[in-house]
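Q: I'm new to this structure and would like to learn how to read it. Could we walk through a few features together?

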Amino acid sequence: MKKKTVVALDAMGGDNAPLEIVKGAVEAVNERDDIIVHLFGDEEQVRNELKKYTYPRDQIRLTHTGEVISVEESPAVAIKKKKDSSMVAGILSVKNGDCDAFISGGSSGAVLVGGQVLVGKEKGIKRAPLAPIIPNEKGVSLLIDCGANVDAKPEHLVQFAQMGSIYMKNIIGVENPRVGIVNIGAEETKGNALVKETFPLLKACPGINFIGSVEARDITKGIADVIVTEAFVGNVVLKMMEGVASTLISLIKEGMMSSTRSKIGALLVKPALKDTLKLFDATEYGGAPLLGLKGLVVKIHGNATSKETKHAIFQCVTFKEQKVNEKIREHLGIPAAPAAGE
């Protein structure tokens, strides 16, 4: 019998917790029987949400935690002191081998610190990047790094490219993923010191399909499957894309409702427009994994809905089934890690 994937879920993390987080967990187990979701959070609040739904009882577990890490707290201090928080308890369940993955919509800083300090990086991994899927006109790309390493070095970006290629091939199914580095021009001679030093290393790196520089305006055109950058630029790119998409959707809706004629037109184009906008919905692919750790830690948006939560759970199952961590170790020549808890 196939072993179920056990996903730890921070039920208290994010703006819509626990309502949307619990709903996402229920939707996930109602769709698939190969998942167990282990919720960490305030027992009374979580059970009150669970009472609203019908679901297979053996596929949802709950551990009570009495603390929550807020976005205002120092991530390092909170991870160290709040041992009874939903985030720390969930991350430790991965470190101890009780769960296969951890998901949170809580403090990004705390997720990053918790993942790297409590779960730990694989031996040989220099930095663990945060890697969200972003939509483009041809499908999706992986943006790596988007928030974990603002002081990255050239050798870090090379590893990001390698890990990103493995992820895109095994999770998204892109054969021979094209790798590009974010730059201010297409020429190899352009860019800051980091880009200029990294470019020839990527060019000479075996096992990745490096296509050169990618300007910001071309990211959404889908010319590369793996978009490599350090966290400062990556986070700006990500937030700008999200902001522009939100603004455009708002303006389109406003325009469609501006007159009787536009309302009639809106009814005619609604089905096609809905399908098009769905292509640009990154929540269909789950959250952003912190790659290069000894276990899987995934960050979802702070305002994540049940849909994003559900797809992040499915993402964790695929990650485990495709043995992404094992393939990263194999590709980078990293010795196999000891079993959890050893």
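Q: Let's start with a helix. How many residues does helix 5 have, and what distance does it reach from its first C-alpha to its last?

A: One way to read a helix is to set its reach beside the expected one. This is a predicted model, by the way. Helix 5 covers residues 108-119, which makes 12 residues, and it reaches 16 Å from first C-alpha to last. That is close to the 16 Å expected at 1.5 Å a residue.

Q: Which residues of helix 5 are buried, and what covers them?

A: Look for residues with under 20% relative accessible area. In helix 5 those are Ala110, Val111, Leu112, Gly114, Gly115, Leu118 and Val119. Their cover includes helix 3 (75-81) and helix 4 (86-95), along with strand 4 (101-104) and strand 11 (296-299). Just after helix 5 comes Gly120, with a positive phi of about 90 degrees.

Q: Which residues of strand 1 sit on each side?

A: Here's the general idea: in a regular strand, side chains alternate between the two faces of the sheet. In strand 1, one side has Thr5, Val7 and Leu9, while the other has Val6, Ala8 and Asp10. All of these are buried, so both faces are covered.

Q: Which strands is strand 1 joined to, and how do they run?

A: Follow the bridges. Strand 1 and strand 2 (residues 35-41) run parallel and are joined by six bridges. Thr5, for one, stands opposite Ile35 in strand 2. Strand 1 also runs parallel to strand 4, with three bridges joining the two; there, Val7 has Ala101 as its bridge partner.

Q: What unit do strand 1, helix 1 and strand 2 make?

A: Trace the path from strand to helix to strand. Strand 1, helix 1 (residues 19-31) and strand 2 form a β-α-β unit, and it is right-handed.

Q: Can we look at single residues too? Where does Asp225 lie, and is it buried or exposed?

A: Asp225 is in the loop between helix 8 (216-219) and strand 9 (226-228). It is buried, at a relative accessible area of 9%. A polar atom of its side chain lies 2.8 Å from the backbone nitrogen of Arg178. Leaving aside residues up to four places away in sequence, Asp225 touches Ser141, Leu142, Met168, Val174, Pro177 and Arg178.

Q: And is Lys52 buried or exposed?

A: Lys52 belongs to the loop between helix 2 (43-50) and strand 3 (60-64). With a relative accessible area of 51%, Lys52 is exposed. Its side chain makes a polar contact with the side chain of Glu49, at 2.9 Å. The C-alpha atoms of Lys52 and Asn176 are separated by 45 Å, and these residues are 124 apart along the chain.

Q: Finally, how many helices and strands are in the protein chain, and how compact is it?

A: Step back and view the whole chain. There are 12 helices and 11 strands. The radius of gyration is 20 Å, close to the 20 Å that the globule rule gives for 342 residues, so the chain is as compact as a globular protein of that length. Of the 342 residues, 49% count as buried.

Technical notes:
Residues numbered from 1 in each chain as written. Predicted model: local features only at pLDDT ≥ 70, side-chain atom pairs only at ≥ 80, totals over all residues. Heavy atoms only, no water. Helix = DSSP H or I, 4+ residues; strand = E, 2+ residues; numbered from the N terminus. Buried < 20%, exposed > 50% of the residue type's maximum accessible area, 1.4 Å probe, protein only. Polar contact = N/O pair within 3.5 Å; in protein donor to acceptor, adjacent residues only side chain to side chain. Contact = heavy atoms within 4.5 Å. Expected span 1.5 Å × (residues − 1). Pairing = 2+ DSSP bridges. Right-handed = clockwise from strand over helix to strand, strands pointing away. Rg over C-alpha atoms; globule rule 2.2 N^0.38 Å.
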